[in-house]
Amino acid sequence: KSIKEGDLLIGLASDSPHTNGYSLIRTAFKGVDLNTVYPELKAPLHEVLLKPHRSYLNAIYPILQEHPEIVKALAHITGGGFYENIPRALPDHMGAEVNGAAWKIPPVFRLLQEWGNVDWTEMYRTFNMGIGMVLIAAPDEAERITAHLHAQGETVHQIGHVTEGIHEVVIKGGVFDA
């Protein structure tokens, strides 16, 4: 209820698909030797694809307990990606603009996109693209939240902001500038 235009989207990093998009993954990597170590992955493909889903609870829970008022909403980027999960955390009259250049897409997603010939919009609809959880907070609280998350060992990126109007996510920058 307290979300306002201009509130920030703070993204916590992920480095794997977690548990999403495996039908698409099977199609994209059909016939590929899953034991191959691709230089950009630095591990066998099967290890990267089967990395356990990260839990963000230990990083987020303390700040929710100590300062519940500063995190206005959370969006777990699961199946449905950015386009479905972020709007669920927003009031009906709010949307979000995401800066696709605010973080580096992990190599496994670039391989999926290339080998599966998947449109970038579909990639952001299906996968977390390297952002597993999004916190929404007022701009004046973002630094405190980021410092807390860094202290918990999290990689954190300011990935966008809340907009007034259409209840949707717009992604600009990064692969969408190409």
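Two aromatic rings, from Phe, Tyr or Trp, form a pair if their centres lie within 6.5 Å. With that in mind, let's walk through this structure, which is a predicted model. Ring pairs join Phe 82, Trp 103, Tyr 124 and Phe 176 into a cluster, and the structure as a whole holds seven aromatic pairs.

Take Phe 82 and Tyr 124 to begin with. Their ring centres are 5.4 Å apart and their planes meet at 55°, so this pair is tilted. Phe 82 sits in helix H4 (residues 81-88) and Tyr 124 in helix H6, so the pair ties together parts that are 42 residues apart in sequence. Phe 82 counts as buried because its relative accessibility is 0%, and Tyr 124 counts as buried at 0% relative accessibility too.

Tyr 124 also pairs with Trp 103, this time edge-to-face, with 6.5 Å from centre to centre and 65° between the planes. Here the link runs from helix H6 to the loop between strand E3 (94-99) and H5, where Trp 103 is found, 21 residues away. Trp 103 and Tyr 124 are both buried.

Now follow the chain into helix H5 (residues 107-116), whose buried residues are Val 108, Phe 109, Leu 111, Leu 112 and Gln 113. These pack against helices H1 (22-28), H2 (45-49) and H6 (120-126). After H5 comes Asn 117, with a positive phi near 50°.

Finally, look at Asp 7, in the segment before strand E1 (8-13). With 3% relative accessibility, Asp 7 counts as buried. Its side chain reaches the backbone nitrogen of Lys 4 at 2.8 Å. Beyond its neighbours within four places in sequence, Asp 7 is in contact with several residues, including Ser 2, Lys 72 and His 161.

Technical notes
Residues are numbered from 1 along each chain as its sequence is written. This is a predicted model: local features need pLDDT of at least 70, side-chain atom pairs count only at pLDDT 80 or more; totals for chains, interfaces and linings use all residues. Side-chain values use heavy atoms; hydrogens and water are left out. Helices (H or I, at least four residues) and strands (E, at least two) are DSSP runs, numbered from the N terminus. Buried means under 20% relative accessible area, exposed over 50%, partly exposed in between (1.4 Å probe, protein chains only). A polar contact is a pair of N or O atoms within 3.5 Å; within protein, one must be able to donate a hydrogen and the other to accept it, and residues adjacent in sequence count only if both atoms are side-chain atoms. Contact means heavy atoms within 4.5 Å. Rings of Phe, Tyr and Trp (its six-membered ring) pair if their centres lie within 6.5 Å; planes under 30 degrees apart count as stacked, over 60 as edge-to-face and the rest as tilted.
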